[in-house]
Amino acid sequence: MEVELDGGIEPLVGNYMTNRRKDIAALQEALDGADFGRIAALGHRMKGNGASFGFHRISELGVELEDAAMGEDASAVATALAALSDYVDNVKVVYR
């Protein structure tokens, strides 16, 4: 998977992705503790900031996480979390 971003944000992307990795760890911890409120809040934040940085897939997964958490659907949270982790680990950023 590849995402093309404006070169002007290149200095910010490394920190952004580091923060998403921290979110993944926090989401796993929240899932383990069935803290759906925390999952919903983290998903909501990703929904808002993913597209701002050009990572539309992160925004989509934020919506999935938030919706799953609102329904207290641990299985759907786990699926979205796995997809998020895979995306963050494997996305290739190309700057224009």
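This is a predicted model: local features need pLDDT of at least 70, side-chain atom pairs count only at pLDDT 80 or more; totals for chains, interfaces and linings use all residues.
Phe-55 belongs to the largest nonpolar core, which has 28 residues.

**The nonpolar core**
- Among the core residues that touch the most other members are Phe-55, Met-17, Leu-27 and Ile-39.
- Ile-58, Leu-65 and Leu-84 also stand in that group.
- Two or more residues of this core come from each of β1 (2–5), α1, α2 (36–53), α3 (56–70) and α4 (74–90).
- The element that gives the most to the core is α1, with eight residues.

**Helix α3**
- Helix α3 has 15 residues, and the distance from its first C-alpha to its last is 21 Å.
- That reach is close to the 21 Å expected at 1.5 Å a residue.
- The buried residues of α3 are Ile-58, Ser-59, Leu-61, Gly-62, Leu-65, Glu-66, Ala-68 and Ala-69.
- These buried residues pack against three helices, namely α1, α2 and α4.
- Just after α3, Glu-72 takes a positive phi of about 50 degrees.

**Pro-11 in helix α1**
- Pro-11 is located in helix α1, which covers residues 10–32.
- Is Pro-11 buried or exposed? Pro-11 is exposed because its relative accessible area is 69%, and the cut-off for exposed is over 50%.
- Pro-11 and Arg-38 are 27 residues apart along the chain, and their C-alpha atoms are separated by 29 Å.

Key. Residues are numbered from 1 along each chain as its sequence is written. Side-chain values use heavy atoms; hydrogens and water are left out. Helices (H or I, at least four residues) and strands (E, at least two) are DSSP runs, numbered from the N terminus. Buried means under 20% relative accessible area, exposed over 50%, partly exposed in between (1.4 Å probe, protein chains only). A nonpolar core is a set of buried Ala, Val, Leu, Ile, Met, Phe, Trp, Tyr and Cys residues joined through side-chain atoms within 4.5 Å. The expected span of a helix is 1.5 Å times one less than its number of residues. Contact means heavy atoms within 4.5 Å.
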